[in-house]
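User: I'm new to this one. Could you walk me through how to read what's packed inside?

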Amino acid sequence: MPKAHRGLQERRLQPELMDDPNVDAEQHRAALRGLARLNMASFVERTVMRELRALAGADPAHILDIAAGSGDLAVALARRSRRDGLPWTFGACDISQTACETIRERADAAGTQVDVVRADVLNDPIPGSCDIAMCHLFLHHLTRPQIVGLLASMRNSARKAVLITDLRRTWLGFSLAWLASRTLTRSPIVHHDALRSVEGALTVPELRACADEAGLHPVRIRGVWPERMVLRCEL
């Protein structure tokens with residue numbers, strides 16, 4: 001396993017292969033499938049579902065997944081909420097056309113509905129309004145000003161709550177990322193990006209500081225397995 005550059009005391013944001021707009025579409029799709037397997041192994045659906053139940057309960061709610069990637073989380077939550085009889089609807093947005101097409105294909109295959117919009121949420125307003133704006137594994141790609149701006153934009157677009165899940169920058173997280181990325185997928189993009197993602201991730205205090213600067217308060221941040229964190233803010 002390679003060593004983290006200069007340890008993990010300071011955040012190191014680096015370009016990731018999946019962020020390249022010229023990445024080969026088939027390699028991109030393979031990487032999205034690999035990331036979906038990593039999400040499944042991390043029990044992210046169960047974690048986020050627990051938070052959504054606490055925020056929305058049995059009330060109608062429109063939930064928007066921002067920078068949704070393959071849409072595996074949004075589709076899984078839409079399927080689960082329908083099974084449980086919850087009156088929730090789901091939307092997803094991503095800057096990548098390949099990702100948007102993958103989300104639509106995944107939703108169709110699952111027999112569920114997820115409204116998909118291509119959007120650059122770092123430079124344009126978040127499309128539409130929602131009750132709960134959520135974002136999964138995206139903040140570690142961004143600079144601090146971009147993180148603060150996105151959190152503020154999510155606060156402005158959501159009526160009820162903002163929900164964030166992301167990596168924590170720890171040695172254990174770095175080790176788990178190396179092991180899981182090489183066990184669960186053959187994608188060289190995921191092998192490369194997984195470790196860079198942990199090096200670019202925030203700590204809990206750093207995320208709390210960004211949320212405070214974005215005007216998100218009060219926030220609740222808790223650590224979850226495997227070396228991830230969840231931020232919840234009720235508006």
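User: Which residues touch the most other members in the largest nonpolar core?

Analyst: Start with the general idea: in soluble globular proteins, nonpolar side chains tend to be buried together. Keep in mind that what you see here is a predicted model. Its largest nonpolar core has 33 residues, and I66, L150, M154 and L231 touch the most other members.

User: Which helices and strands each supply at least two residues of this core?

Analyst: Two or more come from each of β1 (61–66), β4 (130–136), α5 (144–157), β5 (158–167), α8 (204–213) and β7 (228–234). Helix α5 gives the most, six residues. There's also another core lying apart from that one, with 29 residues, including L73 and V230.

User: What does I66 touch?

Analyst: Leaving out residues up to four places away in sequence, I66 touches C93, V121, I126, A133, M134, C135, H136, L150 and M154.

User: Is F174 buried or exposed?

Analyst: F174 is buried, at 1% relative accessibility, whereas W171 is partly exposed with a relative accessible area of 46%.

User: And which residue lies over the face of F43?

Analyst: That's R46, at 4.7 Å from the ring centre.

Notes:
Residues numbered from 1 in each chain as written. Predicted model: local features only at pLDDT ≥ 70, side-chain atom pairs only at ≥ 80, totals over all residues. Heavy atoms only, no water. Buried < 20%, exposed > 50% of the residue type's maximum accessible area, 1.4 Å probe, protein only. Lys NZ or Arg CZ within 6 Å of the ring centre and 35° of its normal. Core = buried A, V, L, I, M, F, W, Y, C linked by side-chain atoms within 4.5 Å. Helix = DSSP H or I, 4+ residues; strand = E, 2+ residues; numbered from the N terminus. Contact = heavy atoms within 4.5 Å.
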